[in-house]
Amino acid sequence: MSFAAVYPGTFDPVTKGHLDIALRARDIFGSVVVLLIPNGNKKTLFTQAERFALLQEAFRGEPGIRVEQADGGLLSDYLKKNHLRLVVRGLRGASDVEYEFINAHYNKLFNPEIETVFLPGKPENAFLSSSAVREAFLYGADIISLVPPCVAEAINKKRKNA
Ligand code: COA
């Protein structure tokens, strides 16, 4: 099976919003690489190894989804190296547009073969974000409805060890 599209992110942690975008992209393009790639501007709650394990668990058994990770560097370099050119990102609303357009612009500048496709997030995920989940963690709120079960479990474990 050749993997047509790449859904990149920091996934700190993966949420139900990310799952929705990845699975819909898989349904459209046939197969998707969910790529954990560091965002140099973000300090994360979960280590890269933890985020990768959670992504693998969240997508376990899903046909047409492969979870990969990059140690760093540009997304455009990863795509070139792996002979991929299609990036999928979700848009929850207008406030995501500028940030996503800037990333899409730089990806294309660095590798003109790259195309970025945007999928609208589901309305129920409009206010869902990894940082909301992290903040909820900080204050001990219940995040079970926002994340896959493996993430809820990992957060509870982190809370106990904090
Ligand atoms: N539903 C819910 N939440 C969503 C969402 C959806 N459909 N789509 C995005 N989000 C949220 C995430 O939860 C996250 O929230 P937070 O910032 O509050 O934590 C935020 O939107 C985006 O995070 P994520 O999707 O994990 O990716 P990112 O913006 O951290 O990273 C990369 C984007 C990884 C693609 C980008 O940083 C990258 O390409 N890095 C490599 C370096 C590079 O090539 N840069 C390119 C330009 S120089």
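**Figure 1. The loop between strand 1 and helix 1 in the predicted model.** F11 is found in the loop that runs between strand 1 and helix 1; the model shown here and in the following views is a predicted one. Although F11 is not a glycine, its phi is positive, at about 50°. P13 also has its place in the loop between strand 1 and helix 1. The peptide bond that joins D12 and P13 is cis, with omega of about 0°. As a general point of reference, most residues other than glycine have a negative phi, and most peptide bonds are trans.

**Figure 2. The shell of residues around the ligand.** The ligand is surrounded by 26 residues, and the closest are T10, K42, Y99, S130 and S131. Strand 1, helix 1, helix 4 and helix 5 each contribute at least two residues to this shell. Helix 4 gives the most to the shell, with five residues. By class, the shell around the ligand consists of 11 nonpolar, 11 polar and four charged residues.

**Figure 3. The largest pocket, where the ligand sits.** The ligand takes up the space of the largest pocket. This pocket holds about 1000 Å³ of space. Its lining is made up of 41 residues, and those nearest the centre of the pocket are G9, K42, R89, Y99 and E100. The lining of the largest pocket comprises 15 nonpolar, 18 polar and eight charged residues.

**Figure 4. Strands and helices that line the largest pocket.** At least two residues of the lining come from each of strand 1 (5-9), helix 1 (16-29), strand 4 (86-91), helix 4 (94-110) and helix 5 (130-139). Helix 4 gives the most to the lining of the largest pocket, with eight residues. Helix 4 also gives the most to the shell around the ligand.

Definitions and conventions
Residues numbered from 1 in each chain as written. Predicted model: local features only at pLDDT ≥ 70, side-chain atom pairs only at ≥ 80, totals over all residues. Heavy atoms only, no water. 1 Å grid on protein atoms, 1.4 Å probe; cavity = no way out; pocket = protein on both sides within 12 Å on 5 of 7 lines; lining within 4 Å. Points joined across faces, edges and corners; volume = space filled by probe spheres on them. Helix = DSSP H or I, 4+ residues; strand = E, 2+ residues; numbered from the N terminus. Nonpolar A, V, L, I, M, F, W, Y, C, P; charged D, E, K, R; others polar. Near = heavy atom within 4 Å. Sits in = over half its atoms within 2 Å of the grid points.
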